[in-house]
Amino acid sequence: MTTQTDIPPAETGGERRSWLREHSELGVCVLLLALGVLVLTDALTMDVDIAQRGPVGPKTVPVVVGAGLLVIAALLAVDVLRGGRGQAEGGEDVDLSEPADWRTVLLLAGVFLGAAVLIEPLGFPIAGALLFWGAAFALGSRRIDRDPLIAAGLSLVTYTVFNNLLGVPLPGGPLMGVL
């Protein structure tokens, strides 16, 4: 005769969900693993000029980054499966009980989208200035006398560094002949 205590309890859906909740960091491991595989696949299938000389070429950094992502994914998975847990966010100066400020988020998203649309017809210096000024406004700055000047200066410095010093061509727009 069997009693209720002799029969092992079947694993229920609640126990499975509890295990997944306790090991939710494994989702980050899967993301890191997928990203590492993507980076490695892209790096190893990269078409490189056969005349390249030296041990360091265009594939080197992506291969190192992809391999690093795979190693970190594996180490994190081992730590999580051994019982390691990440620290809960304490929020230094953030009140976690307050709801998100969706107005600011939507304003920033609009500013970024606007800059992306305007960069080709207006060029980076103008679109970048609008981006920096719009971001400052969305984040709460209301200094109309100072913010546009800082945004324009920051945009011109960024354009000059990328276009002239680093050799990364950015669209100049109507200012192309001036800059």
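Visitor: With which residue does arginine 143 form a salt bridge, and how far apart are the closest N and O atoms?

Guide: In this predicted model, the partner of arginine 143 is aspartate 145, and the closest N and O atoms lie 3.3 Å apart. A salt bridge requires a side-chain nitrogen of Lys or Arg within 4 Å of a carboxyl oxygen of Asp or Glu.

Visitor: How many salt bridges does a search of the whole structure find?

Guide: The search finds two. Besides the pair already described, the side chains of arginine 146 and aspartate 147 meet in a salt bridge, with 3.6 Å from N to O. Here arginine 146 is partly exposed, with a relative accessible area of 36%, whereas aspartate 147 is buried, at 8%.

Visitor: Let us turn to the helices. What describes two packed helices?

Guide: One gives the angle between their axes and the distance between the axes. In this structure, helix α2 (residues 26-44) packs with helix α3 (residues 60-81) at about 160°, and the axes are 8 Å apart. Angles over 145 degrees count as roughly antiparallel, so α2 and α3 are roughly antiparallel to each other. The crossing of α2 past α3 is left-handed.

Visitor: Which residue classes make up the contact of α2 with α3?

Guide: That contact has 22 nonpolar residues, two polar ones and no charged ones. On the α2 side, the residues include Leu26, Cys29, Leu33 and Gly36; those they meet in α3 include Pro62, Gly66, Leu70 and Ala77.

Visitor: Where is glycine 27 found, and is glycine 27 buried, partly exposed or exposed?

Guide: Glycine 27 belongs to helix α2 and is partly exposed, with a relative accessible area of 43%.

Visitor: At what angle do helix α4 and helix α5 pack?

Guide: Helix α4 (residues 102-122) and helix α5 (residues 124-138) pack at about 175°, with 8 Å between their axes. This angle makes α4 roughly antiparallel to α5. Their contact has 15 nonpolar, two polar and no charged residues. Among them are Thr104, Leu108 and Phe112 in α4, and Phe124, Leu131 and Gly134 in α5.

Definitions and conventions: Residues numbered from 1 in each chain as written. Predicted model: local features only at pLDDT ≥ 70, side-chain atom pairs only at ≥ 80, totals over all residues. Heavy atoms only, no water. Axes fitted to C-alpha atoms, helices over the stretch in contact; angles between N-to-C directions. Helix = DSSP H or I, 4+ residues; strand = E, 2+ residues; numbered from the N terminus. Parallel < 35°, antiparallel > 145°, perpendicular 65-115°, else oblique. Left-handed = near helix turned anticlockwise from the far one by under 90°. Contact = heavy atoms within 4.5 Å. Nonpolar A, V, L, I, M, F, W, Y, C, P; charged D, E, K, R; others polar. Buried < 20%, exposed > 50% of the residue type's maximum accessible area, 1.4 Å probe, protein only.
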